[in-house]
Protein chains: 2
Amino acid sequence: MTLRVLDTAAIEQAATPKLVLDTVRGALIAHSEGGTNVPPPLHLDFPEADGDCHVKAGWITGAADFTVKIATGFYGNPGLGLPSNHGLVCVVSARTGQVRAILDDRGLLTARRTAAAGALVTHAMARPDARTLGVFGAGEQARLQASWLAMLRPLDMVLIHGRDPYKANALCDELNADGLPARPASAREAAGADMIVTTTPAAAPVLDAAQVRAGAHLTGIGTDMPHKNELPPALFRRAWLIATDDHAQCLEHGDFGHAVRAGAVAQDDDITAGLLLKTPLDRPDTAITVADLTGVGALDAALASAVLDRL
Amino acid sequence: MTLRVLDTAAIEQAATPKLVLDTVRGALIAHSEGGTNVPPPLHLDFPEADGDCHVKAGWITGAADFTVKIATGFYGNPGLGLPSNHGLVCVVSARTGQVRAILDDRGLLTARRTAAAGALVTHAMARPDARTLGVFGAGEQARLQASWLAMLRPLDMVLIHGRDPYKANALCDELNADGLPARPASAREAAGADMIVTTTPAAAPVLDAAQVRAGAHLTGIGTDMPHKNELPPALFRRAWLIATDDHAQCLEHGDFGHAVRAGAVAQDDDITAGLLLKTPLDRPDTAITVADLTGVGALDAALASAVLDRL
């Protein structure tokens with residue numbers, strides 16, 4: 001029996017927004033109810049090559065398959081004409097341990113599950129009438145967070161704040177071409193939106209908590225290692241509700257952990273994001289809400305399995 | 001660019017004993033000198049299916065590639081007509097993070113690097129005139145430990161102690177057919193040999209320390225999870241020299257850790273096995289020596305890379 005390898009084109013076609021949103025929603029809920037098995041990720045660093053590798057495994061308890069996902073980020077690659085991110089997903093039977101298939105997705109499923117998780121949680125936590133979105137960052141996730149949220153609720157304006165104005169402009173052009181109103185913005189403007197999503201690899205907060213308006217919701221998706229940090233501790237102190245996709249993981253290497261270590265909040269001040277996807281949130285109009293998403297291995301497992309079942 | 005997948009037959013042909021022994025020897029030495037990067041492994045358990053999955057990553061510092069290895073053991077598989085162990089190795093560039101190839105080896109390289117590490121360390125630590133080998137267990141590693149050690153030094157007799165007498169007999173027939181004198185033996189007989197290798201998944205010691213003779217060397221290779229234990233703490237107390245393949249890993253989930261927690265030895269009473277491969281060991285004839293090998297990810301990295309370079 002030869003190993004089954006599925007290529008990016010086939011995976012891209014199978015991983016429709018509907019499939020991804022439904023699967024990620026179910027997996028976030030299962031994770032919030034303790035119905036998943038997610039061991040601590042494995043990390044390797046390659047400082048000389050400005051690279052790192054994360055390996056995440058996950059299992060929705062009782063599911064037929066589990067997955068092991070390898071994701072690399074080598075940040076000097078664009079200079080070599082290669083993409084920064086690479087990776088693949090191994091789908092393994094949870095009944096026999098046999099490798100069912102390799103999804104040679106080059107990071108596509110991670111990008112889509114991250115987009116889906118951000119959009120679902122932002123939509124669930126933001127005020128129903130929130131219509132403006134501020135985005136920090138101008139990369140792939142900046143684009144995906146805006147366009148996937150626009151599938152869930154109408155957006156009047158997307159304000160893109162990127163360090164590189166050329167990239168921010170290009171992203172706005174791309175979103176406009178997709179029919180989404182977007183323009184480059186200062187950090188202050190983006191921080192003043194109804195909803196804010198941060199998508200950067202920043203090592204220090206990208207916005208000033210004092211610039212966030214009453215009634216806003218913020219979702220941070222870029223912080224996935226202990227040295228990274230996008231959302232300031234003062235913002236967590238102002239928050240009426242804090243959601244984390246995985247409590248232990250966000251404490252260890254999310255923005256929530258930075259806020260706890262800074263003394264801004266207590267380490268049990270969060271609830272699990274998946275809980276908010278089951279029942280609508282009854283939030284005061286002036287409350288600030290914050291979600292810290294670090295990426296959960298169970299989402300990879302659920303999504304890879306759903307894609308494989310469709311192929 | 002499609003993902004390169006190498007099948008078991010090609011890998012088996014490339015992974016000759018000479019290549020494996022040379023590579024594993026070099027990797028154990030590099031590991032003992034701090035020249036490797038081996039993050040803590042990732043584990044997943046599937047109690048209902050009597051299965052587990054280990055993911056190990058490793059990098060010989062400065063090497064062109066690193067590896068991520070997925071290994072599963074599902075112990076009810078033989079009843080389903082499937083092998084208990086499965087797995088594969090991903091070889092990834094340490095310069096760009098691109099996946100160079102998947103070695104679909106079904107656990108072959110792990111079996112061979114374990115055989116090589118056991119044989120090299122046993123040969124380096126045993127008395128030069130040690131000629132009898134006691135083996136606990138009658139599975140694949142029992143066979144490999146005997147036959148690979150026989151490549152390094154002559155063996156007068158291999159004493160196989162297996163829980164299942166039928167399997168022990170069958171293994172002796174197989175070794176005899178390969179020209180190696182072997183017979184089934186009681187635990188007492190096997191524990192009385194010049195060299196003893198334990199290759200079981202036991203959760204309690206498989207031999208009585210009092211039955212081990214002065215001048216003997218013992219190598220444990222089966223203990224790879226905290227609940228497993230093959231060599232008794234009392235044996236470590238009798239030992240003149242204790243070697244571990246990885247100090248932290250053996251403390252956490254090796255026989256050495258059991259001995260430390262039982263108070264038989266101190267947690268810095270070991271030396272790194274790779275150090276013994278560079279210079280011959282000057283051991284007293286009556287000393288007992290013990291090696292605890294839990295399997296190091298850097299060996300997988302070195303071996304996979306060497307095999308890939310040959311293919």
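## Basis of the model

Residues are numbered from 1 along each chain as its sequence is written, while chains are lettered from A and ligands numbered from 1 in the order in which they are written. The model is predicted: local features need pLDDT of at least 70, side-chain atom pairs count only at pLDDT 80 or more, and totals for chains, interfaces and linings use all residues.

## Overall fold of chain A

Chain A holds 10 helices and 15 strands. These elements are DSSP runs, numbered from the N terminus: helices are H or I with at least four residues, strands are E with at least two. The radius of gyration is 19 Å, close to the 19 Å that the globule rule gives for 311 residues, so chain A is as compact as a globular protein of that length. That radius is taken over C-alpha atoms, and the rule is 2.2 Å times the number of residues to the power 0.38. Along its principal axes, the C-alpha trace spans about 60 × 40 × 40 Å.

Of the 311 residues in chain A, 55% are buried. Buried means 20 or more other C-beta atoms within 10 Å of the residue's own; exposed means 12 or fewer; partly exposed lies in between, with C-beta atoms placed from the backbone. Take the contacts in chain A between residues at least 6 apart in sequence: 71% of them join residues at least 24 apart. A contact requires C-beta atoms, placed from the backbone, within 7 Å.

## Nonpolar core

The largest nonpolar core has 201 residues. Such a core is a set of buried Ala, Val, Leu, Ile, Met, Phe, Trp, Tyr and Cys residues joined through C-beta atoms within 7 Å. A:Ile160 and B:Ile160 have the most contacts inside it. Leaving aside neighbours within four places in sequence, A:Ile160 touches residues including A:Val135, A:Ala138, A:Leu171, A:Cys172 and A:Pro184. In soluble globular proteins, nonpolar side chains tend to be buried together.

## Two domains

Chain A is assigned domain 1 (5-109 + 298-310) and domain 2 (118-295). The bounds come from an automatic or database domain assignment. Taken over C-alpha atoms, the centres of the two domains of chain A are 23 Å apart.

Their contact involves 9 residues of domain 1 and 11 residues of domain 2. On the domain 1 side, 6 residues are nonpolar, 2 polar and 1 charged. Here Ala, Val, Leu, Ile, Met, Phe, Trp, Tyr, Cys and Pro count as nonpolar, Asp, Glu, Lys and Arg as charged, and the others, Gly among them, as polar.

## The A–B interface

A rotation of 180° with 0.0 Å of shift along its axis superposes chain A on chain B, at RMSD 0.0 Å. That is the relation of a two-fold axis. Of the residues of chain A, A:Leu42 comes closest to the axis, its C-alpha at 3.2 Å. Of the interface residues of chain A, 100% are also interface residues in chain B, so the copies meet through the same surface.

## Selected residues

A:Arg106 has a phi near 55°, positive although the residue is not glycine. A:Arg106 sits in the loop between S7 and helix H3 (108-125) of chain A. With 22 C-beta neighbours inside 10 Å, A:Arg106 is buried. B:Arg106 also has a positive phi, of about 55°.

A:Asp45 belongs to strand S3 of chain A. It is partly exposed, with 14 C-beta neighbours inside 10 Å. A:Asp45 and A:Phe74 are 29 residues apart in sequence and 9.9 Å apart C-alpha to C-alpha. A:Arg153 lies in the loop between helix H4 (140-152) and strand S9 (157-161) of chain A. A:Arg153 is partly exposed, with 16 other C-beta atoms within 10 Å. The C-alpha atoms of A:Arg153 and A:Ser93 are separated by 37 Å, at 60 residues along the chain.

Notes: Contact = placed C-beta atoms within 7 Å. Least-squares fit on C-alpha atoms with pLDDT ≥ 70 in both.
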